[in-house]
Amino acid sequence: MEGSLAARAKGEHFHTVTPLLESWALSQVAGTTVLLKCENVQPTGSFKIRGIGHFCQEVARKGCRHLVCASGGNAGMAAAYSARKLGIPVTIVLPEGTSLQVVRRLQGQGAEVQLTGKVWDEANLRAQELAKRDGWENVSPFNHPLIWEGHASLVQELKAELGTPPGAVVLSVGGGGLLAGVSAGLAEVGWQHVPIIAMETQGAHCFNAAVQAGRLVTLPDITSVARSLGAKTVVARALECTKEFEIFSEVVEDAEAVSAVQRFLDDERMLVEPACGASLAAIYSGLLQRLQAEGCLRPSLAPVVVIVCGGNSIDSRQLQALRAQLGQS
Amino acid sequence: MEGSLAARAKGEHFHTVTPLLESWALSQVAGTTVLLKCENVQPTGSFKIRGIGHFCQEVARKGCRHLVCASAFFPSFRTHGRGNAGMAAAYSARKLGIPVTIVLPEGTSLQVVRRLQGQGAEVQLTGKVWDEANLRAQELAKRDGWENVSPFNHPLIWEGHASLVQELKAELGTPPGAVVLSVGGGGLLAGVSAGLAEVGWQHVPIIAMETQGAHCFNAAVQAGRLVTLPDITSVARSLGAKTVVARALECTKEFEIFSEVVEDAEAVSAVQRFLDDERMLVEPACGASLAAIYSGLLQRLQAEGCLRPSLAPVVVIVCGGNSIDSRQLQALRAQLGQS
């Protein structure tokens, strides 16, 4: 058992090569071929396992004996899963008042869960405290070069599958980890000229705020329903990327993101979080065509890849509640 | 272009290697690790591309110049399954660069016709039900260079489906505790059985699920011979074959197959639970397999001594299917008194 775990820690990665599926429905709407990179069918339900799995493998290789993470969401699930695969303990620190279901699910992955503080920032402080212990490492949800390096594997897969560059890559921006990772991947495979359409929701738009200001901006609060995009400050690396890559920063309303989630469920039979809906809204809201009309994208576009980032925190009842909240049902 | 198409026709298959995901939620319900083989994320939305893609590649290799396939889509109430097969055939033809004619019953929705045409298929509408469309397809297939694509009844199709088990072998190494799958015409059952034999896993139990009213396999197992149902009365339209393929019945003598039937209500309830547990929307036909977990069937088979009390991970084949959206699911649930 020890041998195979060690081998796994060295060699195999924890994420899977995900399907790249042509979406007839979204292609009809866009007027261009739309390909879906299905990160929602990763183990742990989102792309996070790429970067966080890679990070955890690397720190374990260098002697880490205990992981800690202040996230109960997609990053926490990825950290818990990685720890289980590596056979090392992990402590997830979350605010008091975190739902029992989230706690149980993480414990089901073998994680120890500590509840502390009223908001995420306090839990995060606690996680950083614990990480000072000898042999402990804190797993950031998005802010580490190893995480971006891990996410870049997504683009390696696109290269292997497509051969030729896509017309654009559409992705959602929370803390900016995916953006940093995809940018790194594009550079690795010689696709640095492929435009990235970086989507956020109004009220969780820290990247767009930084792009507008020309410097990092900290939002006072997250007011979007797309909780998984809820970083108040984007990582510095994401802002740097705007100087090295062709990135279009776009913001949609919550209503567009949630509407996109519903349409996508009916078109492609996959239920994703509103954070992911922000990317789908780039298609459904006609953003592609707008960018083409503005001369930002070619009128005749090679297939566009939409990263279906996924996410665990959604079910049909939550979707209905969101739609009702936004006056959509 | 010609070269790469020919190369593709020879070498690459049209299906993808699908994810095998551990389901925390279903494992909790089952009391055993449950792994999901996600065929719903195949191109064309179901496992059908495995067998039908393989069939089309082989006949093209041997000189077929025009494919024909009788299909049927929903929500035309009087029609039975085969929609997923038609999509797989149209996709395969497009990849091969050869023409395909899809024959559908009159009254098929314009959206479906347009979608198939969007895949490059020629569409002919004829007859009231799939059986009549199928007769027309068989007529057309008599033409020189034409081949009819059966939705499930051909050894090449079963051979193609067997690739699913090859992938399980590569991923797991050791045999699963059981494989759970849905039975419509029996093509998937025949293919999975073939695959198990290929990889030396012929002792792995298969739990073959159907819905009441589309249970042609179970009827055959009970009778000890092929049985033709008078009609399909289940809402699981994609399971709607009136007679199972003979090969499926033969398999019961060579493999350990448990034939189980669930009510429509269980299948539809399973679809809803699975949507909430794993965020994937599947047809009721697929819900029949998920019901094996959600309805406690695994534990029942363990209690009866049919399955081991301590079971290796169980693989549920999430067969997928195109003919479902949230409105249809709500309508089905309302119809069955679930909402």
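Chain A and chain B touch each other through 24 residues of chain A and 23 residues of chain B. The model is a predicted one. Putting the two chains together buries an area of about 2,300 Å², and carbon and sulfur atoms account for 54% of that area.

**Contacts between the chains**

- Between chain A and chain B there are 2 salt bridges.
- One salt bridge joins the side chains of A:Glu22 and B:Arg94, with an N to O distance of 3.6 Å.
- Polar contacts link 10 residue pairs between chain A and chain B, counting pairs with both residues at pLDDT 80 or more.
- On the side of chain A that touches chain B, the elements giving two or more residues are β1 (20-22), α5 (100-108), α12 (254-268) and α15 (316-325).
- Sorted by class, this side of chain A holds 9 nonpolar, 7 polar and 8 charged residues.

**The annotated domain of chain A**

- An unreviewed UniProt entry assigns residues 15-310 of chain A to the feature "domain: Tryptophan synthase beta chain-like PALP".

**Helix α8 of chain B**

- Helix α8 of chain B spans residues 163-172, and its buried residues are B:Ser163, B:Leu164, B:Val165, B:Glu167 and B:Leu168.
- These buried residues are covered by elements of chain B including the strands β1 (20-22), β2 (34-38) and β10 (314-318), together with the helices α3 (48-61), α7 (155-161) and α9 (187-198).
- Directly after α8 of chain B, B:Gly173 adopts a positive phi of about 80 degrees.

Terms used. Residues numbered from 1 in each chain as written. Chains lettered and ligands numbered in written order. Predicted model: local features only at pLDDT ≥ 70, side-chain atom pairs only at ≥ 80, totals over all residues. Heavy atoms only, no water. Contact = heavy atoms within 4.5 Å. Buried area = accessible area lost by both parts, 1.4 Å probe. Salt bridge = Lys/Arg side-chain N within 4 Å of Asp/Glu carboxyl O. Polar contact = N/O pair within 3.5 Å; in protein donor to acceptor, adjacent residues only side chain to side chain. Helix = DSSP H or I, 4+ residues; strand = E, 2+ residues; numbered from the N terminus. Nonpolar A, V, L, I, M, F, W, Y, C, P; charged D, E, K, R; others polar. UniProt positions renumbered as here; feature names shortened; annotations may be inferred. Buried < 20%, exposed > 50% of the residue type's maximum accessible area, 1.4 Å probe, protein only.
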